[in-house]
Amino acid sequence: MKNARIGTWTALAAVAALTLTSCAGGSAATDDGGGEAEVAAITDVSIVVPADPGGGWDQTGRALSQVLTQDDLVTSAPVTNVGGAGGTVGLAQLANEKDPNTLMVMGLVMVGAVETNASAVRIQDTTPIARLTDEPLVVVVPADSKYDTLEELVEDIVDNGQSVTITGGSAGGADHILAGLMLEEAGLDGAEIAEKLNYTPNSGGGEAVPLLIGGKVAAGISGVGEFAQHVESGALRALAVSSEEPVSQLPEVPTITEEGYDVVLTNWRGVIAPGGISDGEKDELVRVITELHESDAWTEQLETKGWTDAFLVGEEFDEFVTGNIEEVTATLKNIGLVQ
């Protein structure tokens, strides 16, 4: 897949209006008999991070909690980590969540993991709230690695296959997809990629760093924000970033395209809510997240972490999600990661 920016578009059917007499989490509802119940302003939200601490989803969830509470958008926003299987363990838990004021961090990684893990619970079973950020990935190696360029790494995988171990996030996620796309650009077909790519999934950049520094793997792929400090410290070396242009955090690092592989891939992140909540409950969550997005504190978080503002809500986000699911599924098949 050339110039492979994994995008997203979506269309989820509108949730039928529900008449509620009360809701957990500070969102009491009353009904005057004339349609959907009125939903009270949210005072508390629960944030679920479907990954272990240390990775991009965890950073996103904690940034959300910090801004929501410090700017008094809500009274409390506790973060709970539920790691496993590219976020699909947390996704299954969300399916049983009764509190409508629950936000789960998710994104491109989960889209792929749903397919590679054959998850019974689908993203289509949830309520999309907002896309928040977009972040390029970076390919790194240990400081003393024999690889000086991305081409040297890719050609070694092509020539020696399973003896070259790559670590990244969950199977089928953005990191795994990027590895496959680079090998596809190097001339391998789906079957050859599946045969040669030795990919060791982990729960995020935080878990990958000791594997890399300890020389347990040849290279790693993760979000720029997860590896940048280790590159700056000299513990890791960056070979290329997956964006169209060099990134501010690692301005001297070339793009994958500049290194000879026509691949552009950015990793988006957003939030979803339980399926089956009312239109009013969804609108209230969208209102809170929109106010967060408009705050100076959130802008500061974006700048500090090197995230690109990719804010999208409403029908546009719904359409984005639907399209992303279709595109990622097709890409996973093309590069041999799913049948």
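Me: Is Arg287 buried, partly exposed or exposed?
Reply: Arg287 is partly exposed, at 29% relative accessibility. Buried means under 20% relative accessible area, exposed over 50%, partly exposed in between, with a 1.4 Å probe and protein chains only.

Me: Before we go on, what sort of model is this?
Reply: This is a predicted model, where local features need pLDDT of at least 70, side-chain atom pairs count only at pLDDT 80 or more, and totals for chains, interfaces and linings use all residues. Residues are numbered from 1 along each chain as its sequence is written, and side-chain values use heavy atoms, with hydrogens and water left out.

Me: How many salt bridges does the structure hold?
Reply: It holds 8 salt bridges. A salt bridge here is a side-chain nitrogen of Lys or Arg within 4 Å of a carboxyl oxygen of Asp or Glu.

Me: Back to Arg287. What does Glu284 do with it?
Reply: Glu284 and Arg287 form a salt bridge, 2.5 Å from N to O. Both sit in helix H9 (residues 279–293), 3 residues apart, about one turn of the helix. Helices (H or I, at least four residues) and strands (E, at least two) are DSSP runs, numbered from the N terminus.

Me: And is Glu284 buried or exposed?
Reply: Glu284 counts as buried, at 10% relative accessibility.

Me: What about Glu291 and Arg287?
Reply: Their side chains also meet in a salt bridge, at 2.8 Å, N to O. Glu291 and Arg287 are 4 residues apart in helix H9, about one turn of the helix. Glu291 is partly exposed, with a relative accessible area of 32%.

Me: How far apart are the closest N and O atoms of Glu135 and Arg269?
Reply: They are 2.8 Å apart, in a salt bridge. This pair links distant parts of the chain, 134 residues apart: Glu135 is in strand E6 (residues 127–142), Arg269 in strand E11 (residues 266–273).

Me: Are those two buried or exposed?
Reply: Glu135 is buried, at 2% relative accessibility. Arg269 is buried, with a relative accessible area of 2%.

Me: New topic. Where does Leu68 lie?
Reply: Leu68 is in helix H1 (residues 56–70). Leu68 is buried, at 0% relative accessible area.

Me: What is Leu68 in contact with, leaving aside neighbours within four places in sequence?
Reply: Val45, Ile47, Leu73, Val74, Ala77, Val288 and Leu292. Contact means heavy atoms within 4.5 Å.

Me: And how far is Asp44 from Leu68?
Reply: The C-alpha atoms of Leu68 and Asp44 are 9.5 Å apart, and the two residues are 24 residues apart in sequence.
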